[in-house]
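This report goes through a two-part model from its overall figures down to single residues. The sequence and coordinates come first.

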Amino acid sequence: MASTACFVIVSKNDIPIYDAEVGSAPKKEDQAYQHQFILHAALDVVQDLAWATSAMFLKSVDRFNDLVVSVYVTAGHTRFMLLHDSRSEDGIKSFFQEIFLNPLYLPGSRITSSHFNTKVRALARKYL
Amino acid sequence: FMRLAYLIGYGVEIEKSPVNSASLSMLSWPKPATWPSIPPDSSAEVMAKEKTILQAKAREKLFDIQRKPLPLEPSSLLREANRRRAFLSVGNLSELYDSVDGSGLGAHSKLSPNKSSSNLMTRTMSGPATSETSLPVDRPMRLSEIHVAAEHALKQTISDPDFMTSLSSPEEFESRYMELTKGAADNYHRSWWKRHGVVLDGEIAAIFFKHGNYDLAAKSYEKVCALYSAEGWEELLADVLPDLAECQKILKDEAGYLASCVKLLSLESSLFSSKERQAFQSEVVRLAHSEMRHPVPLDVSSLITFAGNPAPPLELCDGDPGTLSVAVWSGFPDDITLESLSLRLSAFSSADEGLKAIRSTDARVLVPGRNIITFDIPPQKPGSYVLGALTGQIGKLSFRSHGFSQDGPVDTDEFMSFEKPTRPVLKVRKPRALVDITPAVSSALLMNELQWIGLIVKPIDYSLKGGILHIDAGAELKIEESQMIEIESYRSDGEHSSPIDASKVLSRPTDTGRVEKVPIENGKIKLPDWASDVTTLVWFPVRAINDTVPKGTSPASPQKHSIVDGMRMIALKLEFGAFHNQIFERTIAVHFTNPFHVSTRVVDKCNDGTLLLQVILHSEVKATLHVKDVSLDLQAGFEHLGKGDGRPTSSLFPLVIAPSSKAGILFVIRLSGTKDLDELEQADSMLHIKYGISGDRATGAHSPVPVKPDDSEELLFKISLKLKRPVLDPCLAVGFLPFSTDCLRVGQLVNMKWRVERLKDLEEASLSDDEILYQVDANPQNWMVAGRKSGHISFSEAQGSRIEIAVTCVPLVSGYVHPPQLGLPDVGDANISCNPAGPHLVCVLPPTLSTSYCIPA
């Protein structure tokens with residue numbers, strides 16, 4: 001389990017619709033800011049890469065010292081972004097795929113379902 | 001570059017923003033493994049650095065927003081630097097750190113170290129710390145010393161003079177930093193990594209701000225805020241927006257400042273403490289009540305949202321007012337007082353703005369959360385309306401909101417999607433019939449008598465409360481205002497309760513049998529409240545006036561009256577409606593008629609000149625007529641026989657005539673002698689009928705309304721009849737006497753006989769001579785007349801005298817032939833009565849077989 005991990009789902013019009021800290025380390029307020037900032041900035045990188053390749057899993061698109069941003073892009077151009085410290089990539093790929101299959105979603109809206117939240121955390125524990 | 005600058009001590013110049021924090025806090029301290037020590041004679045520098053550290057204070061943020069400053073260090077520099085001091089072992093590190101931390105990092109808070117730490121220091125340190133030229137090897141470095149040591153070490157390692165210049169002073173550092181940041185930002189923008197670019201713009205803004213260049217700072221901050229706002233990263237926005245607000249406040253950009261405050265209030269409430277949110281609100285309120293230079297309407301669409309009632313839309317009839325209740329949510333942390341609040345509705349189908357705003361009542365307070373506001377809607381045009389914008393005023397500031405939301409818990413929150421609601425909230429119906437007034441009775445009423453006219457007043461899904469009915473009678477119709485109007489409830493299946501039948505009223509205690517008497521004034525009736533929603537029957541008494549005397553008919557003067565004579569018009573107007581602006585107008589036609597139509601004929605005429613006159617009374621009404629007495633005033637030229645009182649022959653009264661049927665009365669009269677032809681032409685007979693009527697006002701004609709208590713139920717009807725003297729005035733009768741033989745044969749002589757009789761004395765008759773010329777007309781082809789065809793006869797002048805005329809004829813052809821006719825050429829046809837009349841055709845048999853008579857073909 002990664003000690004630091006922040007998971008954000010960004011819709012196709014660049015609006016974050018879900019975010020969660022799924023790391024096992026205790027949450028620090030300032031770190032949350034940093035994570036938000038890093039992921040936001042990483043969107044620039046993603047938008048370049050997403051059009052360049054047809055693959056869904058973009059692996060690590062950005063490095064920020066020892067934090068890595070991995071991104072999974074869906075067909076509807078929704079981005080799953082995970083900020084984590086260096087870890088195995090397979091686990092992350094499976095994590096993304098499981099999340100992708102979760103049906104509790106209305107396009108364009110924020111995800112507020114607690115059920116989804118629980119599921120995400122469970123999957124994080126499982127794969128990361 | 002920034003890391004190195006930090007080491008030197010320029011960290012105070014570096015803005016503790018997320019970008020700097022993210023970069024620096026994860027960037028580990030550079031080598032060496034052993035921290036350089038401070039050079040000798042550096043106490044002045046150390047002092048200077050101390051001063052800088054002491055003077056550094058956190059930039060106070062607007063609204064007193066307290067946030068834990070973001071770190072720029074991956075780990076404490078003080079610890080790290082001291083850790084790399086080789087001589088210090090791990091064991092005594094921790095206790096040293098505790099004490100040193102107290103004095104080092106907390107230097108600017110001016111706390112005096114506690115006794116134990118000072119004791120510790122005296123134990124481990126050889127003397128006071130400040131004025132040493134060389135550091136004892138076992139004392140940890142203070143922060144200022146660390147900075148000085150790093151600076152010196154760098155001076156020795158950096159070879160590039162430009163680079164060294166930029167690290168030589170805070171100002172140099174800042175200008176180089178600015179240059180690099182600008183360059184990086186430009187490059188990012190050019191490569192379309194706009195987020196990276198905009199973030200660096202924010203850093204540049206911070207530097208502008210520090211130097212008081214608020215205008216440029218505001219511009220850059222705006223870019224950053226716009227990006228975060230558009231993409232919905234609220235946490236990041238919450239960090240930068242207060243800075244923008246501060247710039248706007250300093251620049252006195254009231255509109256921008258207000259917009260920023262509103263934006264701050266509309267962010268997620270977990271991002272700010274309630275005290276901070278209250279501070280935002282009080283700023284808005286303060287500005288709203290102050291004198292603003294250029295007041296601009298404020299858009300609060302994300303802060304004040306509204307939604308219509310989840311129930312079906314309010315339905316109003318055309319021209320009616322109503323009240324609409326709307327739920328308004330306030331996102332303000334505290335109650336806020338609004339000077340006014342108005343709602344704009346727009347018509348559903350058309351694209352125009354719709355109506356002018358509907359104001360609710362004045363000054364009100366919106367509590368945080370859900371408020372229900374009612375708006376009074378004035379009468380509107382027909383159509384379907386949806387919610388438009390909400391506008392209002394806080395103090396002197398006007399605001400508007402286009403934020404629609406669903407009533408109830410919001411499941412989805414589409415960030416900044418203000419779709420137009422499609423559900424109509426008000427429907428004003430097209431003008432439609434709200435009431436119907438029809439006459440209750442279609443058959444005719446009695447003319448010249450006071451009759452009830454009934455009107456069925458039926459509301460169609462609308463309350464007639466407060467309605468006033470105006471009745472305007474047309475020409476020759478008068479409403480009897482001294483009488484009360486009766487209003488009763490009406491049942492549409494045809495039955496209705498009769499007001500007279502008290503037993504029925506008692507058996508139905510509910511108001512189905514309800515009757516009320518109301519007065520009528522100047523043709524106006526006020527409808528009682530109970531009649532607002534039910535169909536009622538309104539009875540009011542009228543008298544139709546017809547002064548002309550009706551005329552009877554006879555075979556000589558046939559009927560030629562038209563139905564229009566009996567028709568009267570009544571104009572009705574009902575004023576009603578919640579706003580008293582609904583008007584219903586109708587003109588109804590009511591038929592009136594005389595109770596009888598009279599026709600006469602002469603049934604029989606006797607030889608003595610008496611005439612049997614039959615007077616036929618036709619009932620014109622749907623009621624039973626009771627004829628009590630009839631008398632006939634004869635015109636000149638006629639007189640009654642019998643009792644002479646003008647009454648009919650037999651006593652058959654009271655005579656009951658069923659509705660629409662007829663009865664006959666017989667009079668015996670005769671012609672009376674008068675030679676005045678003019679008088680004869682002008683005169684009319686008058687028939688007086690005393691009668692009564694029993695009818696139901698709901699069916700048709702009925703017994704007149706008693707105005708005075710002693711009004712009798714006996715009614716009088718007068719009708720004039722014109723009797724004409726008979727045209728025929730026979731004074732001679734010519735009669736044919738039967739043949740002597742039964743069969744007539746061709747060639748056989750036959751005697752034809754006529755008898756002429758005087759019916760009147762010669763003086764009475766209009767003949768002057770007592771000698772009468774006679775003539776026999778026969779077709780010479782068919783008959784041969786033997787004897788005189790014409791001649792004079794004279795006979796006695798007395799009535800009843802007779803004379804016979806005989807003529808012998810021979811039929812010439814067989815078959816049915818016209819017989820010869822006797823005529824009196826000098827006497828007018830009117831004066832001859834053929835009695836008995838002669839045969840029209842006679843049958844002539846062919847001759848007996850004989851060859852002696854041959855008639856040429």
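A residue is called buried here when its relative accessible area is under 20%, exposed when that area is over 50%, and partly exposed in between. The model is predicted, and every value below is computed from it.

**Strand E2 of chain B**

The definition applies directly to strand E2, residues 304–307 of chain B, which is covered on both faces. Strands of a sheet pair through backbone hydrogen bonds, in either the parallel or the antiparallel sense. E2(B) runs antiparallel to strand E4 (residues 322–330) of chain B, and four bridges join the two. With strand E12 (residues 403–404) of chain B, E2(B) runs parallel, over two bridges. B:Thr305 takes part in both pairings: B:Trp329 stands opposite it in E4(B), and B:Gly403 is its bridge partner in E12(B).

**The two chains**

The table sets out the overall figures for each chain.

| Chain | Residues | Helices and strands | Buried residues | Accessible surface | Carbon and sulfur share of surface |
|---|---|---|---|---|---|
| Chain A | 128 residues | three helices, five strands | 52% | about 5900 Å² | 52% |

Along its sequence, chain A follows the pattern β-β-α-β-β-β-α-α. Contacts between residues at least 6 apart in sequence can be split by their separation. In chain A, 52% of them join residues at least 24 apart; in chain B, the corresponding share is 76%.

**The interface**

The size of an interface is often given as the accessible area lost when the parts come together. Between chain A and chain B the buried area is about 2900 Å², with 58% of it from carbon and sulfur atoms. Chain A contributes 31 residues to the contact and chain B contributes 32 residues. Two salt bridges are found across this interface. A salt bridge links A:Asp14 to B:Arg195, with 3.1 Å between the closest N and O atoms.

**A five-stranded sheet in chain B**

One open sheet of chain B has five strands in the order E37-E39-E35-E33-E42, and its pairing is mixed. Which strands stand at the edges? They are E37 (783–786) and E42 (832–834) of chain B; each has a single partner strand, so one side of each has no neighbour in the sheet. From one strand to the next, the twist averages 30°. Strand E33 (residues 732–737) of chain B pairs with E42(B) in the parallel sense, over three bridges. B:Leu732 stands opposite B:Ile832 in E42(B).

B:Arg543 lies in strand E22 (residues 536–544) of chain B. Is B:Arg543 buried or partly exposed? Its relative accessibility is 29%, so B:Arg543 counts as partly exposed, a value between the 20% and 50% cut-offs. Beyond its neighbours within four places in sequence, B:Arg543 is in contact with B:Asn448, B:Glu449, B:Leu450, B:Glu476, B:Leu477, B:Lys478 and B:Glu480. The C-alpha atoms of B:Arg543 and B:Ala473 are 10.0 Å apart, while the two residues are 70 residues apart in sequence.

B:Gln582 belongs to strand E24 (residues 582–593) of chain B. With a relative accessible area of 11%, B:Gln582 is buried. Residues up to four places away in sequence set aside, B:Gln582 touches a set of residues that includes B:Asp318, B:Gly319 and B:Asp320. Also among them are B:Leu434, B:Tyr462 and B:Phe576.

B:Ser631 is placed in strand E27 (residues 624–633) of chain B. What does its relative accessibility of 18% make B:Ser631, buried or exposed? B:Ser631 counts as buried, because the limit for that class is under 20%. Apart from neighbours within four places in sequence, the contacts of B:Ser631 are B:Gly646, B:Met686, B:Leu687 and B:His688.

Notes: Residues are numbered from 1 along each chain as its sequence is written. Chains are lettered from A and ligands numbered from 1 in the order in which they are written. This is a predicted model: local features need pLDDT of at least 70, side-chain atom pairs count only at pLDDT 80 or more; totals for chains, interfaces and linings use all residues. Side-chain values use heavy atoms; hydrogens and water are left out. Buried means under 20% relative accessible area, exposed over 50%, partly exposed in between (1.4 Å probe, protein chains only). Contact means heavy atoms within 4.5 Å. Two strands pair if DSSP finds at least two bridges between them. Axes are lines fitted to C-alpha atoms, for helices over the stretch in contact, and angles run from 0 to 180 degrees between N-to-C directions. Buried area is the accessible area (1.4 Å probe) that two parts lose on being put together, summed over both. A salt bridge is a side-chain nitrogen of Lys or Arg within 4 Å of a carboxyl oxygen of Asp or Glu. Accessible areas come from the Shrake-Rupley method with a 1.4 Å probe; for residues, only the protein chains shown count as cover.
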